[in-house]
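This briefing covers selected local features of one structure, grouped by topic. Please read it alongside the sequence and the coordinates.

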Amino acid sequence: MTNSQNLFEKSRIHIPGGVNSPVRAFGSVGGTPLFFKRGKGAFVWDADDKAYIDYVGSWGPMILGHAHPEVIKAVCDAAQQGLSFGAPTELELEMADLLCSLVPSMDQVRLVSSGTEATMSAIRLARGYTGRSAIIKFEGCYHGHADSLLVKAGSGALTFGNPSSAGVPPETAQHTLVLDYNNVAQLEETFSKMGDKIAAVIIEPVAGNMNLVAPEKAFLDSLRSLCTKHGSVLIFDEVMTGFRVGLSSAQGLYGIKPDLTTLGKVVGGGMPVGAFGGKRDIMQCLAPLGPVYQAGTLSGNPVAMAAGLATLKLLQAPGFFENLSTTARKLTEGLASIARESGIAFSAQSVGGMFGLYFRETPPKSYAEVMQCDKAAFNRFFHFMVDQGVYFAPSAFEAGFVSMAHGKDEIERTLLCAQNYFSKA
Ligand SMILES: *Cc1c(COP(=O)(O)O)cnc(C)c1O
């Protein structure tokens, strides 16, 4: 029995399923989850001291690689001064100023402790601001686990949704419409029938929770114009894409200004941080100024701020995102060309420092197309690569991530392992 297997067995006694977040359980790929005990740069080490090239990066935050010395120093220095005060600190001011200067649509921002908290609060704020209840989300997008967002499509495009989790009251789900990603006609039809009831549309501007699905520019453009026309709040959930696809995030990359933006992951540099912000007149509806309540004991925690600020400082270096994008592109283009030579139905693409691998001929444009990927083929590939010391996300339906620490050697080694696999597959 490996140490990971042993730890997993023991963890299942006092932790439901042995994990504190479901995807960690390897349920999709099968087998026992790896327990990690250390990370450095592009590598992580499991409980059995085996090293892996890490393409998960804690699901996105570790954009500088693991244990970057400047981030660790910032965290230690902050910790020396005390862990939490429940009162404002200068580090929060620094973070808010920086976020508002980097994110094109952000006039004001509030800091929270997770992506879930950010999206949940943004939805409440949009409802409070508009005085409307209905929201639109897109199938396959994930916005954290708040009740109103754990919803799957109803029986038709214009019917409200059903809970996708037990414990979510149907009455809550009935305020959420679930539409198809990249489907302009359906969006137009929905707005023409009920635009005056829609408080907000929330979207991952690059979808990264159904593998990776890139947006079509026309789709984002029509989202922006329909929300403006009908007085609905457009929320870009950039918890994953924020400072991941570029310094000005997805909204800068695609040239669209949402009304509200949610952030998480990279913004905390590996510590629990989330944020939501946007137009001043909307943000001023928040307590203590306005009637929309939102609060948090550890919000803007100084140690977490220190990690986030150190991370954001380093990713402003000239050429950072060009290099990161080149790394991701070399990986995806390399994998696609190896698979092509072996005649395997496989495609791959990247946006900035995130990427998608698909066991189908072309990159998918919707949830339905993502579901056509050959999951069994991915699972075989995943286990082979893990065995060779390459750690991709343990699910066919998650995006992958590279960091600044992933260099030529790591990419070449990954491609060599993939070549060994595809040539025999
Ligand atoms: C990860 C993620 C969330 C949830 O963030 P947590 O910090 O896990 O609560 C929300 N939205 C998107 C797009 C995400 O990728």
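In this predicted model, the lining of the second largest pocket draws at least two residues from each of α3 (90–102) and β4 (108–112). The largest share comes from β4, which gives four residues.

**Second largest pocket**

- The space in the second largest pocket amounts to about 590 Å³.
- Its lining is made up of 27 residues, and those nearest the centre of the pocket are E92, V109, R110, L111 and S299.
- Sorted by class, the lining of the second largest pocket has 15 nonpolar residues, 10 polar residues and two charged residues.

**Cavities**

- Two cavities of 30 Å³ or more are present in the structure.
- The largest cavity has a volume of about 80 Å³, and the second largest cavity holds about 60 Å³.
- Residues lining the largest cavity include N211, F355, G356, L357 and F378, along with F392, A393, S395, A396, E398, A399 and G400.
- Strand β14 contributes the most to the lining of the largest cavity, with three residues.
- The lining of the largest cavity divides into seven nonpolar, four polar and one charged residues.
- Around the second largest cavity there are 13 lining residues, with D54, G57, M62, S403 and H406 nearest its centre.
- The lining of the second largest cavity consists of four nonpolar, seven polar and two charged residues.

**Helix α13**

- Helix α13 covers residues 375–387, 13 residues in total, and spans 18 Å from first C-alpha to last, close to the 18 Å expected at 1.5 Å a residue.
- The buried residues of α13 are A377, F378, N379, F381, F382, M385 and V386.
- An α-helix has 3.6 residues a turn, so residues three or four places apart point the same way.
- Among the elements that cover the buried residues of α13 are β3 (51–54), β14 (354–358), β15 (390–391) and α14 (408–424).
- F378 is one of the buried residues of α13 and is also one of the residues that line the largest cavity.
- Just after α13, G389 adopts a positive phi of about 90°.

**Backbone geometry in loops**

- Most residues other than glycine have a negative phi, and most peptide bonds are trans.
- F26 is not a glycine, yet its phi is positive, near 65°.
- F26 sits in the loop between α1 (3–14) and β1 (36–40).
- With a relative accessible area of 3%, F26 falls under the 20% limit and is therefore buried.
- S58, also a residue other than glycine, has a positive phi of about 60°.
- The loop between β3 and α2 (69–80) holds S58.
- S58 has a relative accessibility of 42%, so it counts as partly exposed.
- A cis peptide bond joins A287 to P288, with omega near 10°.
- P288 belongs to the loop between α9 (280–283) and α10 (302–314).

**H68**

- H68 lies in the loop between β3 and α2.
- Is H68 buried or exposed? Its relative accessible area is 15%, so H68 is buried.
- The H68 side chain comes to 3.1 Å from the backbone nitrogen of E70.
- Apart from neighbours within four places in sequence, H68 contacts L314 and M404.

**N323**

- N323 is part of helix α11, residues 320–341.
- The relative accessible area of N323 is 52%, over the 50% limit, so this residue counts as exposed.
- In sequence, N323 and G356 are 33 residues apart, and their C-alpha atoms are 18 Å apart in space.
- G356 is one of the residues lining the largest cavity.

Key
Residues are numbered from 1 along each chain as its sequence is written. This is a predicted model: local features need pLDDT of at least 70, side-chain atom pairs count only at pLDDT 80 or more; totals for chains, interfaces and linings use all residues. Side-chain values use heavy atoms; hydrogens and water are left out. The expected span of a helix is 1.5 Å times one less than its number of residues. Buried means under 20% relative accessible area, exposed over 50%, partly exposed in between (1.4 Å probe, protein chains only). Contact means heavy atoms within 4.5 Å. On a 1 Å grid over the protein atoms alone, a cavity is a set of points where a 1.4 Å probe fits but cannot get out, and a pocket is an open set with protein on both sides within 12 Å along at least five of seven lines; lining residues have an atom within 4 Å of a point. Grid points are joined across faces, edges and corners, and a volume is the space filled by probe spheres set on the points. Ala, Val, Leu, Ile, Met, Phe, Trp, Tyr, Cys and Pro count as nonpolar, Asp, Glu, Lys and Arg as charged, and the others, Gly among them, as polar. A polar contact is a pair of N or O atoms within 3.5 Å; within protein, one must be able to donate a hydrogen and the other to accept it, and residues adjacent in sequence count only if both atoms are side-chain atoms.
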